[in-house]
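Hi,

Here is the structure I said I would pass on.

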Amino acid sequence: MATVLSAGAAHADGDPAAGKRVFARCQSCHQVGEKARNLVGPELNGVIGRTSGTVAGYAYSPALKDAAITWDHDTIAAFVAKPQAVAKGTQMPPVPPLKPDDVDNLIAYLATFAADGGAAQ
Ligand code: HEC
């Protein structure tokens with residue numbers, strides 16, 4: 001039986017406002033914005049285009065530190081869906097699956113934060 005993978009060739013531009021609501025599912029462990037701190041998970045300012053395991057002062061698992069993943073739409077979607085499949089041994093627990101639209105919106109929201117927590121561009 002063939003499995004059809006929806007590759008999502010063109011990623012529709014997400015809606016940051018809707019993405020903010022999706023981020024509510026991450027917020028118990030992750031912060032963004034000018035006052036973002038590392039909580040259970042590292043802060044996610046400027047995460048789009050960032051290399052995994054590189055936030056100063058956050059004690060990553062060796063798994064994520066050594067993974068050298070560049071975080072973008074596809075790698076974040078894959079990681080959130082199945083953290084262990086992307087970085088075996090990571091301490092990030094699986095979160096309830098996000099719909100493709102949720103991922104687009106979430107990425108659009110995260111992309112509004114520069115590395116220093118201010119507005120990107
Ligand atoms: C219950 C806590 C928890 C929740 C909820 C959670 N995460 Fe995480 N996340 C973590 C932890 C802990 C790590 C660090 C894992 C490690 O060091 O292996 C992490 C790491 C990450 C990283 C890697 C960051 C880096 O600097 O390399 C990304 C990206 C990420 N999470 C995205 C998300 C997104 C998006 C959501 C919401 C859909 C989410 N997480 C929800 C705990 C959580």
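Below is what turned up, starting with the core and ending with the pocket.

One thing to keep in mind: this is a predicted model.

Let's begin with the core. The largest nonpolar core has 23 residues, and F23, V32, W71, I76 and L110 are the ones with the most contacts inside it. Three helices, α1 (16-23), α3 (73-81) and α5 (100-110), each put in at least two of the core's residues. The largest share is from α5, which supplies five. As general background, nonpolar side chains in soluble globular proteins tend to be buried together.

Setting aside neighbours within four places in sequence, F23 is in contact with H30, Q31, V32, L44, L106, Y109 and L110.

Next, have a look at α5. This helix is mostly covered, with nine of its eleven residues buried. The buried ones are D102, V103, D104, N105, L106, I107, A108, Y109 and L110. What covers them includes α1 and α3.

And then there's the pocket. How many residues line the largest pocket? The lining has 32 residues, and H30, P42, L44, F79 and M92 lie nearest the centre. The volume of this pocket is about 530 Å³. α1, α3 and α5 are the elements that give two or more residues to the lining, and α3 gives the most, with three. By type, the lining residues split into 22 nonpolar, eight polar and two charged.

Cheers

Notes. Residues numbered from 1 in each chain as written. Predicted model: local features only at pLDDT ≥ 70, side-chain atom pairs only at ≥ 80, totals over all residues. Heavy atoms only, no water. Core = buried A, V, L, I, M, F, W, Y, C linked by side-chain atoms within 4.5 Å. Buried < 20%, exposed > 50% of the residue type's maximum accessible area, 1.4 Å probe, protein only. Helix = DSSP H or I, 4+ residues; strand = E, 2+ residues; numbered from the N terminus. Contact = heavy atoms within 4.5 Å. 1 Å grid on protein atoms, 1.4 Å probe; cavity = no way out; pocket = protein on both sides within 12 Å on 5 of 7 lines; lining within 4 Å. Points joined across faces, edges and corners; volume = space filled by probe spheres on them. Nonpolar A, V, L, I, M, F, W, Y, C, P; charged D, E, K, R; others polar.
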